[in-house]
Amino acid sequence: MRKAAVVGAGTMGNGIAHVFAQSGWEVALIDVAQPALDRGMATIHGNLDRQVKKGTVTAAQADEVMAALDSLLR
């Protein structure tokens, strides 16, 4: 099993989704509000950008993480 769902795209939820996706899991990030989903995905993207700048992940790895994430409005 390599799929996970995270309910809630706030600080904790987007962090959990980020770690799962970075570990090779397919992740559905779920929230009831589109603005929350947008902020959560933007936060993950920003964190990945920071990791690329620090050299802890490559740009290709960051792209793979973002590709593993799916945001769902429920």
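Modeller: Gladly, and let's begin with one contact. Asn14, Ala17, His18 and Gln22 in helix 1 meet Gly40, Thr43, Ile44, Asn47, Leu48 and Gln51 in helix 2. Sorted by class, the residues of this contact of helix 1 with helix 2 are 3 nonpolar, 7 polar and no charged. Keep in mind throughout that this is a predicted model.

Colleague: At roughly what angle do the axes of helix 1 and helix 2 cross?

Modeller: To read a crossing, take the angle together with the distance between the axes. Here helix 1, residues 11-22, and helix 2, residues 34-54, cross at roughly 55°, and their axes come within 9 Å. The two helices are therefore oblique to each other. As for handedness, helix 1 passes helix 2 in a right-handed crossing.

Colleague: And helix 2 with helix 3: at what angle do they pack?

Modeller: The reading goes the same way. Helix 3 covers residues 59-68, and helix 2 packs with it at an angle of about 165°, the axes being 9 Å apart. Angles over 145 degrees count as roughly antiparallel, and helix 2 and helix 3 are therefore roughly antiparallel to each other. Their crossing is right-handed: helix 2 passes helix 3 that way.

Colleague: Which residues make that contact?

Modeller: From helix 2 come Met41, Ile44, His45, Leu48 and Val52, and from helix 3 come Ala59, Ala62, Val65 and Met66. By class, the contact of helix 2 with helix 3 has 8 nonpolar residues, 1 polar and no charged.

Colleague: Let me step back to the whole chain. What pattern does the protein follow along the sequence?

Modeller: For an overview, list the elements, then look at their order. The protein has 3 helices and 3 strands, and along the sequence they follow the pattern β-α-β-α-α-β. The radius of gyration is 11 Å, close to the 11 Å that the globule rule gives for 74 residues, so the protein is as compact as a globular protein of that length. The C-alpha trace spans about 35 × 30 × 15 Å along its principal axes.

Colleague: How much of the protein counts as buried, and what share of the contacts joins residues 24 or more positions apart?

Modeller: Burial describes the residues, while sequence separation describes how the chain is brought together. Of the 74 residues, 34% count as buried. Among contacts with a separation of 6 or more, residues 24 or more positions apart account for 53%.

Colleague: Now single residues, please. Is Leu48 buried or exposed?

Modeller: The value to read is the relative accessible area; buried means under 20%. Leu48, in helix 2, has a relative accessible area of 2% and is buried. Setting aside neighbours within four places in sequence, Leu48 is in contact with His18, Gln22, Val57, Ala62, Val65 and Met66. Leu48 belongs both to the contact of helix 2 with helix 1 and to the contact of helix 2 with helix 3.

Colleague: Where is Leu37 placed, and what does it contact beyond its neighbours in sequence?

Modeller: Leu37 is also in helix 2. With a relative accessible area of 1%, Leu37 is buried. Beyond neighbours within four places in sequence, Leu37 is in contact with Ala9, Leu29, Ile30, Asp31, Ser71, Leu72 and Leu73. Leu37 and Leu73 are 36 residues apart along the chain, yet 7.6 Å separates their C-alpha atoms.

Colleague: What about Met41: is it buried or exposed?

Modeller: Met41 is buried, its relative accessible area being 16%. This residue of helix 2 is in contact with Leu29, Met66, Leu69 and Ser71, leaving aside neighbours within four places in sequence.

Colleague: Finally, what is the relative accessible area of Ile16?

Modeller: Ile16 is a residue of helix 1. Its relative accessible area is 34%, so Ile16 is partly exposed. The C-alpha atoms of Ile16 and Arg74 are 18 Å apart, and the two residues are 58 residues apart along the chain.

Technical notes: Residues numbered from 1 in each chain as written. Predicted model: local features only at pLDDT ≥ 70, side-chain atom pairs only at ≥ 80, totals over all residues. Heavy atoms only, no water. Axes fitted to C-alpha atoms, helices over the stretch in contact; angles between N-to-C directions. Helix = DSSP H or I, 4+ residues; strand = E, 2+ residues; numbered from the N terminus. Parallel < 35°, antiparallel > 145°, perpendicular 65-115°, else oblique. Left-handed = near helix turned anticlockwise from the far one by under 90°. Contact = heavy atoms within 4.5 Å. Nonpolar A, V, L, I, M, F, W, Y, C, P; charged D, E, K, R; others polar. Rg over C-alpha atoms; globule rule 2.2 N^0.38 Å. Buried < 20%, exposed > 50% of the residue type's maximum accessible area, 1.4 Å probe, protein only.
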